[in-house]
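Could you walk me through this structure, one question at a time? I would enjoy seeing how each answer is reached.

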Amino acid sequence: MTAFGHDHISVETTATMPQPRTAVRIRVNGVDHDVSAEPDTPLLYVLRNELSLNGPKFGCGLGQCGACTVHVDGTPRRSCVTAVSAVAGKDVVTLEGLGAPDRPHPLQQAFIDEQAAQCGYCINGMIMRAAALLARTARPSRDDILSAMDANLCRCGTHMRIVRAIERAAAAGAAGPAGRER
Amino acid sequence: MSTSPTSTRSRREFLADAGILIVGFTLFPRGARAESLGQAVGQLTAPSADALDSWLVIGRDDAVTVYAGKVELGTGVSTALRQVVAEELDVAPSRIAWVQGDSRLTVDQGRTVGSGSVKRGGAQLRRAAAEARQALLEMASAKLNAPVAELEINDGVVSVTGDASRRLTFGALVGGGRFERSISGRAPLKAPSAYKTVGHPVPRVEIPAKVTGKHTYVHDVRLPGMVHGRVVRPPRADATLQSIDESSVAKLPGVIRVVRKGTFIGVVAEREEQAVRAAKALNAKWGALLLRATADLYARFKSLATTERVVGENGDAASALRSAPRPIRATYRWPFQLHASIGPSCAVADVRGNVATVYSSTQGAHQLVAPIAALLGMPSDSVRVVFTEGSGCYGHNGADDVAGDAALLSQAVGRPVRVQWSREDENAWEPEGPAMLFEMAGAVGADGKISAWTYDAWTPTHGARPTRDPTTLVAGALVAGFVSVGEFFSGGGERNARTTYVLPNERVTSHPVSSFPIRTSSLRGLGSPQNSFANESFMDELAAAAGVDPIQMRRRHLSDARALAVIDAVATRAGWTPRASAPDRAGEASNGVRKGRGFAYVQYDRTEAYVAAVVDVDVRPDTGTVRVRRVRVAHDCGLIVNPDGLRNQIEGNVVQAISRTLKEAVRFDSTRVTSVDWNGYPILRFSEIPDAIDIDLIDQPDQPSVGAGEAATSPIPAAIANAIFDATGARVRQVPFTPDRVREALRASKV
């Protein structure tokens with residue numbers, strides 16, 4: 001037992017009330033799914049737990065780190081702070097929608113070629129964000145890349161390789177984003 | 001998750017052949033291999049390290065499955081260790097399937113810590129693979145009727161040299177059977193000059209799956225019938241529960257149970273979002289305790305340390321210091337820091353009846369069995385821990401603790417429970433990397449060499465791993481209402497306390513703060529980055545005071561050829577211009593930026609990797625911002641197994657060290673940790689990374705491999721401080737080097 005102080009302070013938690021679950025139709029990686037969820041359920045939980053798409057990762061639940069990034073109508077979005085109801089009728093693409101180990105997207109291939117991962121937990125967000133960048137800007141400058149990726153966090157310190165992988169994909173003409181959006 | 005029948009590759013004796021649960025780990029280039037196996041495992045304890053069959057199984061289809069106690073934490077060891085096995089066994093690394101960190105299936109190789117996986121774990125696997133190779137040669141000798149000396153092995157095929165028609169595959173020799181042989185330690189090891197795989201940049205086996213969303217992290221484990229748990233946390237582990245209104249959540253959709261044991265309060269719900277909502281909604285009032293320790297943290301350290309330990313001593317430092325005409329004194333400070341894994345800790349536990357299985361990204365699957373068993377009140381042989389990779393851990397983060405949470409909740413509801421810590425849970429409840437206080441004193445003699453050197457440091461424990469005492473886990477602490485410090489590792493804070501410089505009069509003294517109200521444990525490098533920050537900054541201060549070039553000053557106190565080689569390599573690479581480093585920075589800044597260059601050298605843990613670094617910085621005196629522009633590292637960790645994996649580790653160490661040095665500190669208020677998100681605990685962003693990190697690897701094929709997972713962190717903080725000094729003449733002695741601190745140092749330097 002450690003030496004703690006003695007003065008007491010009261011801390012109280014706060015409550016929020018749920019909304020009823022409803023059916024929501026969402027289109028993910030080109031396939032329509034009807035899911036039953038409370039409308040404010042984070043898209044991330046629906047993708048992971050209902051559709052078993054493990055690409056998007058829970059990192060903070062606050063929209064601060066980017067590990068959960070998906071594309072909604074081609075734009076990178078933080079799925080941890082995006083309500084499932086907000087993507088009804090929209091086109092959602094996840095990391096799995098870009099490519100698979102036997103047919104990787106050029107950006108995924110560039111990450112493999114550069115060995116641009118350590119633990120790899122942030123890499124979903126890195127690739128999804130970079131894919132959106134390359135879709136907008138086929139030949140980004142290094143500053144364009146740093147600026148676009150600045151919102152995503154990596155803790156292993158793989159940044160140098162991630163930048164190289166994006167540069168490699170851009171040089172190889174990987175623009176044109178993403179798997180089935182292409 | 002999927003199921004599969006037992007295959008010939010499996011360890012037949014150990015496994016029931018009923019439907020077996022598979023955690024679908026990594027993809028292998030040639031398709032799925034033998035995998036980890038479910039609850040119906042007959043074996044209750046880890047296999048013996050002495051038996052060859054414990055390490056390696058060869059299937060009838062020639063597949064090789066290795067059972068490793070060391071685990072993949074994101075550093076690439078599962079690839080490097082495959083290379084080690086592949087080399088001694090003469091098979092392609094891609095042929096090897098890997099089962100890691102299973103308390104029932106793999107040898108206990110000790111925790112995966114301290115950059116020891118290749119050094120220690122690799123040495124064990126190397127001996128096992130060599131033993132298997134020898135056994136296979138002897139079997140083939142009998143079957144092919146040829147002496148062992150006339151046999152050769154190529155990618156899993158034994159043949160008679162010069163007669164390729166006389167050949168047998170590994171599968172034909174032993175496939176599906178056991179070696180029934182102990183590891184003699186006498187099997188011949190390959191000469192490094194004959195290596196074909198070790199020393200080459202083999203791509204990491206799991207990266208294709210990681211970049212396509214197919215890799216199974218512990219966060220991705222889903223068991224049939226699994227539900228979701230969250231813990232409702234007090235401000236601190238020793239807070240008292242004043243009231244709880246379970247009815248406040250009982251009617252929320254999906255809530256299965258509110259679990260209460262002491263002040264451990266958890267909710268279990270069918271769906272993840274329901275568990276999150278219920279945990280937020282649960283009305284609980286806590287009596288929190290004031291956290292007085294952090295108001296004047298470093299003074300508190302000094303008042304709490306009641307013992308001291310002389311780490312190293314030479315000559316008579318005290319009298320040398322007294323007789324020095326101009327002794328130099330300096331105080332350095334390092335804050336509490338977080339592992340700050342991008343994925344907060346997560347675990348899945350399945351506790352039903354008298355059997356518990358826990359999926360965890362723990363650094364020690366075997367070592368987590370006892371704490372979990374104690375927490376659940378079960379015998380250890382009823383508990384199995386299965387390592388499943390998590391988000392990069394960098395030491396003792398929340399992985400063990402969340403496993404305790406999941407186990408308690410699963411036991412309460414009798415269903416598999418997944419617990420995902422929130423960002424706030426991780427930042428506030430993971431064991432923190434300890435703060436440190438340093439007081440240094442020294443002097444340079446008339447000969448331009450250091451005549452006196454004293455070091456005194458105060459720090460809480462750098463190692464507090466869970467033990468059989470369940471209050472060493474957060475869940476157990478909440479049940480009991482108090483926290484216990486786990487397995488105390490006294491050497492942690494002293495790592496690199498003593499330098500490797502030859503000093504005629506030195507005294508290195510540690511002052512352990514044995515009891516402190518912040519829970520601390522191992523963060524990457526333990527005390528080495530902090531100690532090296534103090535030592536290598538102070539070395540620079542002594543050089544500057546004596547008007548001696550900083551590299552020259554260090555060389556004067558070193559004779560180890562490998563130390564001098566990394567120093568010379570990095571100096572050459574950087575085009576280092578020797579300088580009298582007395583501050584003379586009257587010159588105008590260019591565009592408001594002053595450029596500087598700093599050097600530091602460390603031999604990690606005094607006996608391991610040699611690392612020298614040159615760091616170039618830009619300092620803006622008006623704002624106090626520091627930008628690291630370029631880092632050059634020369635690195636010697638003995639025999640290199642995977643040069644690209646090594647570079648990846650060095651780059652990661654460097655970037656993480658820049659982050660820790662410039663940005664990171666845990667913040668507190670009067671009761672709790674307040675840096676509970678990425679705004680409160682900022683880490684380095686893309687816009688702040690260096691323009692380049694240049695790495696010179698010095699391979700030593702005839703020297704044993706030592707670790708590389710931590711070493712390159714250690715010289716970076718001091719190299720940055722020394723570069724800021726070179727740029728501005730100001731000495732920053734407290735991490736992190738925030739703009740405020742840098743401006744303060746600039747003001748102080750002008751006085």
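Predicted model: local features only at pLDDT ≥ 70, side-chain atom pairs only at ≥ 80, totals over all residues.

Reader: Which residue stands opposite B:Ala600 in strand 26 of chain B?
Author: Strand 26 of chain B spans residues 610–620 and runs antiparallel to strand 25 of chain B, with 10 bridges joining them. The two form a hairpin with 6 residues between them, and B:Asp605 in the turn has a positive phi of about 55°. Across this pairing, the residue opposite B:Ala600 is B:Ala613.

Reader: Which strands of the open sheet in chain A stand at the edges?
Author: The sheet has 5 strands in the order 3-2-6-4-5, with mixed pairing.

Reader: What angle does helix 4 of chain A make with strand 4 of chain A?
Author: Strand 4 (residues 69–72) of chain A pairs with strand 5 of chain A in the antiparallel sense over 4 bridges, and A:Val70 stands opposite A:Arg77. Helix 4 (residues 123–136) of chain A packs on the sheet and touches both of these strands. Its direction and that of strand 4 of chain A make an angle of about 30°.

Reader: Are helix 13 and helix 17 of chain B roughly parallel or roughly antiparallel to each other?
Author: The axes of helix 13 (residues 528–546) and helix 17 (residues 716–728) of chain B come within 7 Å and cross at roughly 30°. The crossing is right-handed, and the residues making the contact include B:Phe533 of helix 13 and B:Phe725 of helix 17. Angles under 35 degrees count as roughly parallel, so the two helices are roughly parallel.

Reader: Which helix of chain B gives the most to the side that touches chain A?
Author: In total, 73 residues of chain B are in contact with 66 residues of chain A. Helix 4 (207–210), helix 6 (272–281), strand 13 (283–289) and helix 16 (643–662) of chain B each supply at least two residues of that side of chain B. By class, this side has 31 nonpolar, 25 polar and 17 charged residues. With 8 residues, the one giving the most is helix 16 of chain B.

Conventions
Residues numbered from 1 in each chain as written. Chains lettered and ligands numbered in written order. Pairing = 2+ DSSP bridges. Contact = placed C-beta atoms within 7 Å. Axes fitted to C-alpha atoms, helices over the stretch in contact; angles between N-to-C directions. Parallel < 35°, antiparallel > 145°, perpendicular 65-115°, else oblique. Left-handed = near helix turned anticlockwise from the far one by under 90°. Nonpolar A, V, L, I, M, F, W, Y, C, P; charged D, E, K, R; others polar.
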